[in-house]
Amino acid sequence: MPVHGPLPPSLAKEISMPEQTIRSRASLGGHPLHPMMIHFPVAALFGLVASDLGYLLSGDPFWARASLWLSGVGAFGGWIASGAGLVDLFTVRRIRRLVTGWCHAILAVMMLSLASLNWLQRYLATEYIFPWGLYLSALTALLIVLTAWLGGRLVYEHAVGVDVEG
């Protein structure tokens, strides 16, 4: 159920909602860009684990090509999406003061660096899909889970980019 108007103080305290939201500077029509842009790269990088396993189990070159494309979409799309997140991190003082925001950003950079390395090794030579490509894909997926959890904390605990005021 959408919230219309400010929350009563008793309800805000009960659901641990911050008194004020933190508005995104990288937004379109009031909607933050970063959360809108991360879905495709995340889906591609999770799908990469499945396509790597498909290649490992079948040896079919289709899965190697699919892995190359998924790793590229995940890495490049992730860097583009991270640009909007970095705009908010560096231009919104209240976000910069949040340890959760910095941890989210640092893990995201680590994860995207691994995803980029994974794409690069696949682009240069497909024989690296197993075992190193699969290891990098699995580690990237694990870092996505941790990064997404911290991103959820930014939204649900600190109301970053949430419009509850009206």
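Which residues make up the largest nonpolar core?

1. Basis of the note. This is a predicted model, in which local features need pLDDT of at least 70 and side-chain atom pairs count only at pLDDT 80 or more, while totals for chains, interfaces and linings use all residues. Residues are numbered from 1 along each chain as its sequence is written, and side-chain values use heavy atoms, with hydrogens and water left out.

2. Largest core. The largest nonpolar core has twelve residues: Leu 45, Leu 48, Ala 75, Leu 107, Met 111, Leu 112, Leu 114, Ala 115, Leu 136, Leu 143, Ile 144 and Leu 150. Two or more residues come from each of H3, H6 and H7, and H6 gives the largest share, five residues. A second, separate core of eight residues includes Ile 22, Ala 105, Leu 154 and Val 160. Here a nonpolar core is a set of buried Ala, Val, Leu, Ile, Met, Phe, Trp, Tyr and Cys residues joined through side-chain atoms within 4.5 Å; buried means under 20% relative accessible area, exposed over 50%, and partly exposed in between (1.4 Å probe, protein chains only). Helices are DSSP runs (H or I, at least four residues), numbered from the N terminus.

3. Helix H7. Helix H7 (residues 132-156) has 25 residues and reaches 36 Å from its first C-alpha to its last, close to the 36 Å expected (1.5 Å times one less than the number of residues). Its buried residues include Gly 133, Ser 137, Thr 140 and Gly 151. Helix H3 (39-58) and helix H6 (99-124) are among the elements that cover the buried residues of H7.

4. Thr 147 and Leu 107. Thr 147 lies in helix H7 and is buried because its relative accessible area is 7%. Leaving aside residues up to four places away in sequence, Thr 147 touches His 104, Leu 107 and Ala 108 (contact means heavy atoms within 4.5 Å). With the same exclusion, Leu 107 touches Leu 143, Leu 146, Thr 147 and Leu 150.

5. Helix H3. The buried residues of H3 include Pro 41, Ser 51, Asp 52 and Gly 54. They pack against helix H2 (33-37), helix H4 (61-91), H6 and H7. Gly 59 follows H3 and has a positive phi, near 75°.

6. Nonpolar surface patch. Leu 86, Phe 90, Trp 102, Ile 106 and Met 110 make a nonpolar surface patch of about 470 Å². H6 gives the most to this patch, with three residues. Trp 102, found in helix H6, is partly exposed, with a relative accessible area of 34%.

Technical notes: Patch = residues over 30% accessible without salt bridge, like charges linked within 9 Å, V, L, I, M, F, W, Y side chains within 5 Å. Areas by Shrake-Rupley, 256 points an atom, 1.4 Å probe, with all protein chains shown as cover. Salt bridge = Lys/Arg side-chain N within 4 Å of Asp/Glu carboxyl O.
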